[in-house]
Amino acid sequence: MRKILGLASLALMLLAGVACNNEDVPNEPQGKYPILFRCSDDTRAVATVNSMKKDANGFDVYAYIEASTDAKDSFYKNVKWDNSKSMWLYEGLEYWVPGAKYWFKAIYPKGIATVDNDDTTQAVTITNFDITTQQDILVAETGRLEATAEHQAPTSGSVVQLQFQHLLANVTIKIKAEINVTINDVSLKFIPVKGSYTDGSWSYATQGNVEMISLNKTLNSSNNEFQDVTDGGFLVFPNSIGDAKLHIRTSDKSYDLELPATPSAWVAGTKYTYTLTIKQNDILFDEPTVEEWDEENATGSVVIK
């Protein structure tokens, strides 16, 4: 099911590449429809996907294929951003095979997971991931795409729309103060820090802390706005909050705070913002906010540095 990449195809790849943007795809030669990739407009994690351009390792794409003759095939590609051409590229351009059915799964970062690419499920497995690295994990899957004999590509077009989703949650801490104070360290304590992902769910074996130390963020009583002291938020595993505590060390004293009872769990792809007010002798929670972790708030610690 492979087709050799000739000079004409190479020229096409240099022009079109594997684009993860919303620009028009150049016209393909008649009868030769390359498999390209693009991020959908409604991708939750589009801001994070844009930041992936800075990662020279790119992301992984797996395709499982069933031909009309019941023959099965698959391929794996490492997709990288080419800054000089302003496009996503992969080596060995693949073409749609008329009559074949395709399933795609894309995973970021490269090498974080293994994929069973022998059936349509394309099960993802992640083993002993350490959340203290604060590395975001994104997965996109397409479901079945059929290259019809009439169109020689799916009826939706030759471009595969990738809708990346977060496998982790985001916990952001915002603080304002009624006194002048410096925030030195912020930590989430007694939470899972190592986990494995299989069959669409996480399991955990190790508990610990995620920390942001030596922040040295100064707050003063004249500023009534809540300030994000976590630089975009902590990445955390989806899990029941349980006995988790928020530790804050300031220039005056340290606090170990129980998190509000609601929400009772952190859900993948969701951002939780906890707002607190530091008073003369105490620190108080306001009601936390819960929102979809979308393109406008997929920043800070989830951006690839």
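Here is a short walk through some aromatic ring pairs in this structure. Keep in mind that you're looking at a predicted model.

Let's start with the overall tally: the model has 15 aromatic pairs.

Now see where the two partners come from. Phe37 belongs to strand E1 (residues 36–39), while Tyr90 is found in the loop between strand E4 (87–89) and strand E5 (101–108), so this pair ties together parts of the chain that are 53 residues apart in sequence. Both are tucked away from the surface: Phe37 is buried, with a relative accessible area of 1%, and Tyr90 is buried too, at 2%.

For another pair, find Phe129 and Phe237. These rings are edge-to-face as well, with 6.1 Å between centres and 85 degrees between planes. Here again, distant parts of the chain are linked: Phe129 is in strand E7 (residues 124–130), and Phe237 is in the loop between strand E16 (234–236) and strand E17 (239–240), 108 residues apart. Are these two buried or exposed? Phe129 has a relative accessible area of 7%, so it counts as buried, the cut-off being under 20%. Phe237 is buried as well, at 2% relative accessibility.

Ring pairs join Phe37, Phe75, Tyr90, Trp96, Tyr102 and Phe104 into a cluster.

Notes:
Residues are numbered from 1 along each chain as its sequence is written. This is a predicted model: local features need pLDDT of at least 70, side-chain atom pairs count only at pLDDT 80 or more; totals for chains, interfaces and linings use all residues. Side-chain values use heavy atoms; hydrogens and water are left out. Rings of Phe, Tyr and Trp (its six-membered ring) pair if their centres lie within 6.5 Å; planes under 30 degrees apart count as stacked, over 60 as edge-to-face and the rest as tilted. Helices (H or I, at least four residues) and strands (E, at least two) are DSSP runs, numbered from the N terminus. Buried means under 20% relative accessible area, exposed over 50%, partly exposed in between (1.4 Å probe, protein chains only).
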